[in-house]
Amino acid sequence: MFTAMLVYMIVMDITPGPNNLTMLYLGSRYGLKGTRKFLTASVICFFLKMVLCGALNQALAEFIPQIMNVLKWLGAAYMLYLAVVMAKSGWADDSELKAQQHESSYRSGVLLQILNVKSWIAAVTLFAVYVIPYPEMKVSVPGASALNTLIMLISSLIWGAFGSAMRNLISMYKKPFGILMGLSLLYCTVTAVL
C-alpha cells in the first residue's frame with residue numbers, strides 16, 4: 001500500500017497543474033532564483049494543507065461537497081486571472097517585467113495554494129484512500145504530509161528549473177509562450193469547474 005501511495009503522490013505532484021505551470025512560467029521569467037518567494041510560500045502552505053486535510057479528514061467528509069464547491073469556483077477565478085496575466089506577459093517590455101515581479105511573491109504562493117483545487121482534492125484523496133484506512137502502515141498524517149510536501153518541492157523545482165533553462169529560448173518566443181501558458185492554465189480552470 002505504501003508503494004501505491006508513493007506513486008499517487010508522485011503522479012499528483014509532477015503532473016501539470018496551477019503550481020507547476022506557475023513555476024514553469026516564473027522560472028522562464030525570473031530564473032529559478034527568482035521563484036524562491038513564491039516557492040517558499042507555496043511549499044509551506046502545501047504542507048499546512050496536507051496536515052489540515054489529514055487531521056480533519058473524517059470531519060471534512062461530511063462537508064466536502066460544500067467546501068469543494070466554494071474552493072472550486074474561487075480556484076477557477078484565480079487560475080483564470082493567472083491565465084490572463086500569463087497570456088498578456090508576451091507583450092510586456094523589460095520595464096513592465098520589473099513591475100510584475102509581484103507574480104513571484106509570498107502572497108502569490110499562499111494564494112495559489114489556498115485556491116488550488118487540484119491539491120485540495122489530492123490531499124483529501126491521499127488521506128481518505130491511503131493513510132487513514134491503513135493504520136497498520138504506520139504512516140502518520142504528519143509523515144505523509146512531509147513526504148508529499150518533499151515530492152511537491154522536487155516537482156516544483158523541476159518545473160521551475162526547466163523554465164529557467166529554457167529562459168533564452170522562451171524569451172525569443174515570449175508571445176507564443178505566454179499564450180501557451182495562459183491557455184494551459186485556462187485548461188486547468190475549465191477542468192477544475194467541470
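Trainee: How much of the protein chain counts as buried?
Mentor: Of its 194 residues, 46% count as buried, where buried means under 20% relative accessible area, exposed means over 50% and partly exposed lies in between, all with a 1.4 Å probe and protein chains only. Keep in mind that this is a predicted model, in which local features need pLDDT of at least 70 and side-chain atom pairs count only at pLDDT 80 or more, while totals for chains, interfaces and linings use all residues. Residues are numbered from 1 along each chain as its sequence is written, and side-chain values use heavy atoms, with hydrogens and water left out.

Trainee: And how many helices and strands does the chain have?
Mentor: The protein chain has 10 helices and 0 strands, taking helices as DSSP runs of H or I with at least four residues and strands as runs of E with at least two, numbered from the N terminus.

Trainee: How do H2 and H3 pack?
Mentor: Helix H2, residues 18–30, packs against helix H3, residues 36–55, at an angle of about 165 degrees, with the axes 11 Å apart. That makes H2 roughly antiparallel to H3, since angles over 145 degrees count as roughly antiparallel, those under 35 as roughly parallel, 65 to 115 as roughly perpendicular and the rest as oblique. The axes are lines fitted to C-alpha atoms, for helices over the stretch in contact, and the angles run from 0 to 180 degrees between N-to-C directions.

Trainee: Which residues meet there?
Mentor: Asn19, Thr22, Met23 and Leu26 in H2 meet Phe38, Leu39 and Ser42 in H3, with contact meaning heavy atoms within 4.5 Å. By class, the contact of H2 with H3 has 4 nonpolar, 3 polar and no charged residues; Ala, Val, Leu, Ile, Met, Phe, Trp, Tyr, Cys and Pro count as nonpolar, Asp, Glu, Lys and Arg as charged, and the others, Gly among them, as polar.

Trainee: What about H2 and H8, how do their axes cross?
Mentor: The axes of H2 and helix H8, residues 141–165, come within 6 Å and cross at roughly 35 degrees. The residues of the contact of H2 with H8 divide into 6 nonpolar, 9 polar and no charged.

Trainee: Since you mention a cysteine, how many disulfides are found?
Mentor: A search of the whole structure finds 0 disulfides, a disulfide being a pair of cysteine sulfur atoms within 2.5 Å. Cysteine 45 is buried, with a relative accessible area of 16%, and cysteine 53 is buried too, with 1%.

Trainee: Last one: where does threonine 189 lie?
Mentor: Threonine 189 lies in helix H10, residues 174–193, and is buried, with a relative accessible area of 7%. Threonine 189 and valine 117 are 72 residues apart in sequence and 9.5 Å apart in space, C-alpha to C-alpha.
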